[in-house]
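Hi,

Here is the structure I promised to pass on. Have a look at it first, and then read my notes below.

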Amino acid sequence: MIEEMKYKLNSDNSEKPSGRPQASVLIAILNYGEYIENPELIYTQRSNHLSKHSGEVSFPGGKADDSDTSLFETALRESNEEMSLKSEDVTELGKLNYLISRHKIEVNPFVATIDRPQDLKPNEEIQEIFTVPLKFLLDPANIERESIERQGSVWEVPTWNLKNQKIWGLTAMITVNFLNVCFDASIEILEG
(Lines give C-alpha, C1' and ligand atoms only; values in the text may rest on other atoms or scores of the structure.)
Protein backbone atom coordinates (compact mmCIF):
# COMPACT_ATOMS: atom_id res chain seq x y z
CA MET A 1 0.00 0.00 0.00
CA ILE A 2 2.72 2.51 0.95
CA GLU A 3 4.71 1.94 -2.26
CA GLU A 4 1.55 2.38 -4.34
CA MET A 5 0.85 5.70 -2.60
CA LYS A 6 4.39 6.88 -3.21
CA TYR A 7 4.02 6.11 -6.91
CA LYS A 8 0.76 8.08 -7.19
CA LEU A 9 1.96 11.22 -5.39
CA ASN A 10 3.52 14.25 -7.02
CA SER A 11 7.02 13.82 -5.61
CA ASP A 12 8.78 15.68 -8.41
CA ASN A 13 7.51 19.05 -7.10
CA SER A 14 7.02 20.29 -10.68
CA GLU A 15 3.98 22.33 -9.68
CA LYS A 16 4.71 26.06 -10.01
CA PRO A 17 4.25 28.17 -6.84
CA SER A 18 1.15 30.40 -6.85
CA GLY A 19 3.05 33.50 -5.76
CA ARG A 20 0.99 33.67 -2.56
CA PRO A 21 2.35 33.16 0.96
CA GLN A 22 3.09 29.47 1.46
CA ALA A 23 2.17 26.99 4.17
CA SER A 24 2.50 23.23 4.50
CA VAL A 25 0.50 20.54 6.24
CA LEU A 26 1.40 16.97 7.05
CA ILE A 27 -0.95 14.11 6.21
CA ALA A 28 0.63 11.78 8.75
CA ILE A 29 -0.19 8.08 8.38
CA LEU A 30 0.51 5.86 11.38
CA ASN A 31 2.54 2.95 9.97
CA TYR A 32 3.80 0.68 12.77
CA GLY A 33 2.43 -2.21 14.81
CA GLU A 34 -1.32 -2.70 14.34
CA TYR A 35 -1.45 0.40 12.09
CA ILE A 36 0.42 -1.38 9.28
CA GLU A 37 -2.75 -3.39 8.58
CA ASN A 38 -5.19 -0.65 9.67
CA PRO A 39 -3.58 2.76 9.05
CA GLU A 40 -4.89 5.89 10.73
CA LEU A 41 -4.36 9.58 9.93
CA ILE A 42 -3.45 12.19 12.52
CA TYR A 43 -5.68 15.27 12.78
CA THR A 44 -5.59 18.15 15.24
CA GLN A 45 -8.23 20.46 16.63
CA ARG A 46 -6.97 24.00 16.95
CA SER A 47 -7.41 25.81 20.27
CA ASN A 48 -10.54 27.88 20.74
CA HIS A 49 -8.57 30.97 21.79
CA LEU A 50 -6.75 31.42 18.46
CA SER A 51 -7.68 34.39 16.26
CA LYS A 52 -7.69 32.33 13.04
CA HIS A 53 -9.23 28.88 12.54
CA SER A 54 -10.08 28.57 16.25
CA GLY A 55 -11.63 25.23 17.16
CA GLU A 56 -11.28 23.89 13.60
CA VAL A 57 -10.01 20.43 12.72
CA SER A 58 -6.84 20.53 10.64
CA PHE A 59 -3.75 18.64 9.68
CA PRO A 60 -0.63 19.69 11.62
CA GLY A 61 1.23 22.43 9.78
CA GLY A 62 1.62 26.14 9.24
CA LYS A 63 3.27 28.97 7.36
CA ALA A 64 6.70 28.61 5.80
CA ASP A 65 9.56 30.24 7.68
CA ASP A 66 12.69 31.75 6.10
CA SER A 67 14.78 29.18 7.99
CA ASP A 68 12.95 26.23 6.34
CA THR A 69 14.97 24.64 3.53
CA SER A 70 11.84 23.16 1.90
CA LEU A 71 8.07 23.11 2.25
CA PHE A 72 8.32 19.55 3.58
CA GLU A 73 10.64 20.86 6.30
CA THR A 74 7.96 23.46 7.11
CA ALA A 75 5.43 20.67 7.65
CA LEU A 76 7.89 18.75 9.87
CA ARG A 77 8.86 21.81 11.91
CA GLU A 78 5.25 22.81 12.48
CA SER A 79 4.26 19.22 13.38
CA ASN A 80 7.07 19.12 15.93
CA GLU A 81 6.05 22.49 17.40
CA GLU A 82 2.32 21.70 17.49
CA MET A 83 2.40 18.11 18.73
CA SER A 84 6.02 17.01 19.45
CA LEU A 85 6.24 14.75 16.38
CA LYS A 86 9.82 13.49 15.97
CA SER A 87 10.94 14.19 12.40
CA GLU A 88 13.43 11.29 12.45
CA ASP A 89 10.44 8.91 12.66
CA VAL A 90 8.76 10.39 9.56
CA THR A 91 9.16 9.08 5.99
CA GLU A 92 8.05 11.41 3.20
CA LEU A 93 5.96 9.70 0.52
CA GLY A 94 5.21 12.69 -1.67
CA LYS A 95 3.17 15.81 -2.18
CA LEU A 96 -0.36 16.60 -3.30
CA ASN A 97 -1.15 19.68 -5.39
CA TYR A 98 -1.59 22.78 -3.27
CA LEU A 99 -4.90 24.47 -2.52
CA ILE A 100 -5.47 28.17 -1.86
CA SER A 101 -7.11 28.80 1.52
CA ARG A 102 -9.88 31.34 2.12
CA HIS A 103 -7.15 33.58 3.57
CA LYS A 104 -5.29 33.41 0.21
CA ILE A 105 -2.49 31.15 1.52
CA GLU A 106 -0.98 28.43 -0.71
CA VAL A 107 -1.37 25.26 1.39
CA ASN A 108 0.95 22.40 0.34
CA PRO A 109 -0.08 18.95 1.67
CA PHE A 110 2.70 16.41 2.18
CA VAL A 111 1.95 12.73 2.75
CA ALA A 112 4.23 10.82 5.11
CA THR A 113 4.30 7.75 7.30
CA ILE A 114 4.99 7.82 11.03
CA ASP A 115 7.15 4.74 11.50
CA ARG A 116 7.50 4.55 15.30
CA PRO A 117 5.19 5.21 18.28
CA GLN A 118 5.12 8.85 19.34
CA ASP A 119 4.42 10.64 22.60
CA LEU A 120 2.31 13.36 20.97
CA LYS A 121 1.59 16.39 23.14
CA PRO A 122 -0.39 19.42 21.96
CA ASN A 123 1.15 22.88 22.33
CA GLU A 124 -0.90 26.00 23.13
CA GLU A 125 -2.18 26.21 19.51
CA ILE A 126 -3.70 22.72 19.63
CA GLN A 127 -6.66 21.68 21.76
CA GLU A 128 -6.69 18.00 20.80
CA ILE A 129 -4.79 15.44 18.73
CA PHE A 130 -6.81 12.51 17.38
CA THR A 131 -6.57 9.81 14.73
CA VAL A 132 -9.06 8.64 12.13
CA PRO A 133 -8.92 5.17 10.53
CA LEU A 134 -8.34 5.25 6.80
CA LYS A 135 -11.13 2.67 6.41
CA PHE A 136 -13.57 5.13 8.03
CA LEU A 137 -12.65 7.91 5.59
CA LEU A 138 -12.90 5.59 2.57
CA ASP A 139 -16.35 4.20 3.51
CA PRO A 140 -18.98 6.16 1.48
CA ALA A 141 -21.52 5.56 4.28
CA ASN A 142 -19.47 7.88 6.54
CA ILE A 143 -19.39 10.82 4.12
CA GLU A 144 -21.82 13.68 4.66
CA ARG A 145 -22.06 16.82 2.51
CA GLU A 146 -22.00 20.48 3.40
CA SER A 147 -22.35 23.61 1.27
CA ILE A 148 -19.50 26.10 1.43
CA GLU A 149 -18.91 29.28 -0.55
CA ARG A 150 -15.54 29.47 -2.24
CA GLN A 151 -14.28 31.88 -4.90
CA GLY A 152 -17.79 33.17 -5.58
CA SER A 153 -19.32 29.71 -6.02
CA VAL A 154 -21.16 27.34 -3.71
CA TRP A 155 -19.64 23.87 -3.43
CA GLU A 156 -20.97 20.64 -1.93
CA VAL A 157 -17.98 19.39 0.04
CA PRO A 158 -17.70 16.04 1.82
CA THR A 159 -17.42 16.10 5.61
CA TRP A 160 -16.80 13.40 8.19
CA ASN A 161 -17.93 13.28 11.82
CA LEU A 162 -16.06 11.06 14.25
CA LYS A 163 -14.94 11.22 17.90
CA ASN A 164 -16.96 14.44 18.44
CA GLN A 165 -14.91 16.07 15.68
CA LYS A 166 -15.94 17.35 12.27
CA ILE A 167 -13.55 17.23 9.33
CA TRP A 168 -14.76 19.97 6.99
CA GLY A 169 -13.68 22.92 4.83
CA LEU A 170 -10.13 23.02 3.50
CA THR A 171 -9.09 20.04 5.64
CA ALA A 172 -11.91 17.97 4.11
CA MET A 173 -10.87 19.10 0.61
CA ILE A 174 -7.26 18.04 1.30
CA THR A 175 -8.54 14.72 2.70
CA VAL A 176 -10.63 14.17 -0.46
CA ASN A 177 -7.62 14.91 -2.69
CA PHE A 178 -5.51 12.46 -0.68
CA LEU A 179 -8.13 9.69 -0.86
CA ASN A 180 -8.78 10.25 -4.57
CA VAL A 181 -5.11 10.35 -5.57
CA CYS A 182 -3.81 7.56 -3.36
CA PHE A 183 -6.81 5.23 -3.24
CA ASP A 184 -8.84 6.08 -6.37
CA ALA A 185 -11.78 6.89 -4.07
CA SER A 186 -13.70 9.00 -6.65
CA ILE A 187 -15.14 11.29 -3.96
CA GLU A 188 -16.61 14.36 -5.67
CA ILE A 189 -16.58 18.00 -4.66
CA LEU A 190 -19.64 19.30 -6.49
CA GLU A 191 -20.34 22.85 -7.59
CA GLY A 192 -23.82 23.64 -6.32
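Let's start with a salt bridge, meaning a side-chain nitrogen of Lys or Arg within 4 Å of a carboxyl oxygen of Asp or Glu. The side chains of Lys121 and Asp119 form one, at 2.9 Å from N to O. Lys121 is partly exposed, with a relative accessible area of 48%, while Asp119 comes out as exposed at 52%. For those words, buried is under 20% relative accessible area, exposed is over 50%, and partly exposed is in between (1.4 Å probe, protein chains only).

Before going further, a word on what you're looking at. This is a predicted model, so local features need pLDDT of at least 70 and side-chain atom pairs count only at pLDDT 80 or more, whereas totals for chains, interfaces and linings use all residues. Residues are numbered from 1 along each chain as its sequence is written, and side-chain values use heavy atoms, with hydrogens and water left out.

Back to the salt bridges: searching the whole structure turns up eight. One of them pairs Lys166 with Glu146, with the closest N and O atoms 2.3 Å apart. That pair links distant parts of the chain, 20 residues apart: Lys166 sits in strand S11 (residues 165-167) and Glu146 in strand S9 (residues 144-150). Helices (H or I, at least four residues) and strands (E, at least two) are DSSP runs, numbered from the N terminus. Lys166 is partly exposed at 31% relative accessible area, and Glu146 also counts as partly exposed, at 21%.

There is a network too: salt bridges with shared partners join Asp68, Arg77, Glu78 and Glu81. Within it, the side chains of Glu78 and Arg77 meet at 3.2 Å, N to O, and both of these residues are buried.

Next, Asn108, which you'll find in strand S7 (residues 106-114). Asn108 counts as buried because its relative accessible area is 2%. What does its side chain make a polar contact with? The partner is the side chain of Lys95, at 3.2 Å. A polar contact here is a pair of N or O atoms within 3.5 Å; within protein, one must be able to donate a hydrogen and the other to accept it, and residues adjacent in sequence count only if both atoms are side-chain atoms. Leaving aside residues up to four places away in sequence, Asn108 touches Gln22, Ala23, Ser24, Val25, Leu71, Lys95 and Tyr98, where contact means heavy atoms within 4.5 Å.

Finally, Glu4 is in helix H1 (residues 2-8) and is exposed, at 52% relative accessible area.

Cheers
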